[in-house]
Amino acid sequence: MSAGDYRREYESSLTDPEGFWLRAADAVQWTARPTRALDDERAPLYRWFPDGRLNACANALDRHVAAGHGERTALIYDSAVLGRTETYSYRRLLDEVSRFAGVLRDQGVEYGDRVILYLPMIPQAVIAMLACARIGAVHSVVFGGFAPRELASRVQDAAPAVIVTASGGVEPRRRVEYLPAVDEALRLSGHRVRSVIVAERDGFAHGRAEFDGAADGEPWLSWDDLMATATPVEPVPVAATDPLYILYTSGTTGSPKGVVRDTGGACVALTWSMANIYDVGPGQVMWTASDVGWVVGHSYIVYGPLLAGATTVLYEGKPVGTPDAGAFWRVVADHGVEVLFTAPTALRAIRKADPDASLLADHDVSSLRTLFAAGERLDTDTYRWAAEHLKVPVVDHWWQTETGWAICANPRGLEPLPIKAGSPTVPVPGYDIAIVDGAGEPLPAGMEGNIAIRLPLPPGTLTTLWGSDERFVSSYLSAFPGFYATGDSGYRDEDGYVFVMGRTDDVINVAGHRLSTGAIEQVVGSHPAVAECAVIGVADVLKGQRANAYVVLKSGVSADPEELQRQLVALVRTEIGPVADFRTAVVVDALPKTRSGKILRKTMRQIADGEDYVVPSTIEDPDVLDAIRPALRP
Ligand code: COA
Ligand code: AMP
């Protein structure tokens with residue numbers, strides 16, 4: 001790499017995308033090499049590598065074993081909650097994945113079928129994902145912190161043939177029983193699966209015996225029993241354009257969007273990113289401290305590192321409390337982690353518990369080369385703290401579930417660029433970014449506006465929403481014709497560095513977890529005492545944002561505010577899940593609105609966060625805003 005490499009590559013990706021991505025595709029193993037990169041016949045819906053065929057699992061595992069690297073470590077499972085570590089070589093992982101692929105086959109799962117995975121951070125999660133890819137089935141992982149109703153909506157939408165789960169997850173303060181949640185989700189969804197496969201974990205009350213034959217007769221089968229007699233299967237070549245997975249994410253409405261990732265695009269883009277963004281190659285150790293239920297986990301716990309022939313760490317634990325704020329440093333030292341990727345909220349949690357990073361002294365973290373952060377903006381205080389204590393480059397990079405990999409980053413492998421605190425650096429090759437006003441007109445450097453990406457998006461990004469091209473187009477491609485609307489706002493400085501400042505819609509980010517205020521509003525509004533409500537994301541020093549609800553009671557109804565808050569908190573926990581971490585519901589007399597009846601959520605949020613704001617000229621009754629101000633900013 002040399003100075004100017006980034007600029008050259010970036011320009012080549014935009015002026016000659018065909019050549020650029022076909023060259024990048026050479027790093028992937030194909031059963032039929034693509035002769036074309038882009039298919040734009042159905043624009044604005046695009047497909048990458050339309051005549052290519054490959055298998056993602058074969059690229060992640062078989063090819064490394066075939067190349068003689070079977071004994072190299074593929075996966076290190078480190079459970080801080082159980083105090084256990086287990087290592088999988090590429091050969092062992094391939095063996096288990098091939099056999100679990102055989103299990104899925106035996107359960108009638110075929111090419112194109114969906115499989116829902118509701119699993120904690122255990123090796124079976126990785127094995128099940130890769131096994132689906134091996135037989136051309138489409139996995140959809142659902143994060144364990146979601147409640148049964150959220151799981152049910154995903155089951156309904158994806159209509160899986162089989163669900164793979166575990167008997168439970170281990171959280172620092174409690175054990176989470178998964179089987180009752182799956183049972184309830186199946187009942188709520190009304191969908192019938194062929195079977196539920198359960199990875200049984202020690203110490204859970206709800207073992208298989210209790211559930212065998214439950215849920216109207218679907219068999220509940222033991223992972224271990226099935227694996228004991230499983231026959232390994234070979235990888236099935238699929239079209240590059242076939243879906244590798246569906247991952248549901250929060251949109252602006254209550255119903256989650258099923259982001260569809262294609263196989264060829266994901267393999268090419270992730271392989272490119274491992275070398276050019278993360279600078280991680282074969283045999284090197286990358287640890288992404290996220291969860292397989294999130295996109296970051298899909299891309300950089302599972303597929304990215306394994307495609308690159310690297311070693312990935314699967315960490316079951318938290319940044320603090322398992323057992324202390326030195327947990328991350330312990331994992332880095334124990335496994336020789338070279339590249340660590342985490343969310344800023346995790347760094348803030350560590351900093352809060354150990355402000356001087358004194359626990360670093362207990363661990364040898366000299367293997368660490370780079371710390372990457374994403375999931376929310378890396379605030380400058382946290383950036384400085386991490387850079388000062390770790391003494392390695394701390395690299396913010398910006399992306400979304402939809403894009404599957406970074407839109408803006410510091411391409412450490414291609415050409416390390418100077419870091420500017422508060423900026424995820426520059427657009428990644430393939431992403432042609434524009435900052436536009438509400439009418440889609442470009443804004444000059446320094447002015448904040450909507451961040452849009454000129455179509456086509458590069459390989460590895462979403463190709464559509466599951467089951468609905470129309471929703472894909474209306475959600476992302478209609479606001480600015482010819483562009484994908486990211487839903488984020490920001491600006492570019494004179495040097496071309498991008499600064500991402502926040503969302504322009506109702507999506508909020510609580511501890512790196514993406515939530516919809518609209519979905520929380522729906523739940524709060526369903527309480528019998530509530531006439532209407534507004535949920536806004538307010539700034540939180542630890543979690544980035546927090547969802548607060550402001551509720552108006554039905555006329556004639558009186559409720560003790562504390563008791564109502566307790567009930568609403570319980571309701572959100574049951575309906576959405578503990579991950580929403582919803583705690584505050586305040587009763588107010590009225591909500592500020594425009595004359596056309598739109599609640600002034602943005603103004604409410606600005607008041608709550610102590611920001612400057614302009615009262616919209618369309619406000620219906622300024623007195624209502626005055627009255628609610630003390631509740632917003634006590
Ligand atoms: N299964 C079941 N429950 C889960 C869960 C899971 N996989 N993950 C979280 N929860 C629960 C927690 O147990 C907790 O429940 P409680 O209210 O009963 O205690 C609740 O959801 C909130 O959990 P969490 O968000 O982990 O908050 P916390 O206060 O316990 O910890 C942090 C705060 C910052 C340490 C933690 O949020 C964290 O590690 N965040 C990083 C997230 C991340 O990496 N995101 C990836 C984006 S790239
Ligand atoms: P998710 O789909 O859960 O990955 O969330 C994506 C959203 O998180 C983005 O649209 C941004 O709002 C926010 N986000 C993620 N990474 C960053 C970052 N590095 N800087 C600013 N915002 C970010």
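A pocket, as used here, is an open set of grid points where a 1.4 Å probe fits, with protein on both sides within 12 Å along at least five of seven lines. The model is predicted.

**Exercise 1.** Find how much space lies in the second largest pocket, and describe which residues line that pocket.

*Solution.* Step one is the volume: the second largest pocket holds about 450 Å³ of space. Step two is the lining, which is made up of 22 residues, and those closest to the centre of the pocket are Arg 84, Glu 86, Gln 124, Glu 200 and Arg 201. Step three traces the lining back to its elements, where strand E5 (84-89), helix H4 (90-106), helix H5 (123-134) and helix H10 (223-228) each give two or more residues.

**Exercise 2.** Work out which residues surround ligand 2, and which polar contacts they make with it.

*Solution.* Begin with the shell of 14 residues around ligand 2, in which His 397, Thr 401, Asp 488, Arg 503 and Arg 514 are the closest. By class, this shell divides into 3 nonpolar, 5 polar and 6 charged residues. Next, take the contacts one at a time: a backbone N or O atom of His 397 lies 2.7 Å from a nitrogen atom of ligand 2, while oxygen atoms of the ligand lie 2.5 Å from a polar side-chain atom of Thr 401 and 2.6 Å from one of Arg 514.

Notes
Residues are numbered from 1 along each chain as its sequence is written. Chains are lettered from A and ligands numbered from 1 in the order in which they are written. This is a predicted model: local features need pLDDT of at least 70, side-chain atom pairs count only at pLDDT 80 or more; totals for chains, interfaces and linings use all residues. Side-chain values use heavy atoms; hydrogens and water are left out. A residue is near a molecule or strand if one of its heavy atoms lies within 4 Å of it. A polar contact is a pair of N or O atoms within 3.5 Å; within protein, one must be able to donate a hydrogen and the other to accept it, and residues adjacent in sequence count only if both atoms are side-chain atoms. Ala, Val, Leu, Ile, Met, Phe, Trp, Tyr, Cys and Pro count as nonpolar, Asp, Glu, Lys and Arg as charged, and the others, Gly among them, as polar. On a 1 Å grid over the protein atoms alone, a cavity is a set of points where a 1.4 Å probe fits but cannot get out, and a pocket is an open set with protein on both sides within 12 Å along at least five of seven lines; lining residues have an atom within 4 Å of a point. Grid points are joined across faces, edges and corners, and a volume is the space filled by probe spheres set on the points. Helices (H or I, at least four residues) and strands (E, at least two) are DSSP runs, numbered from the N terminus.
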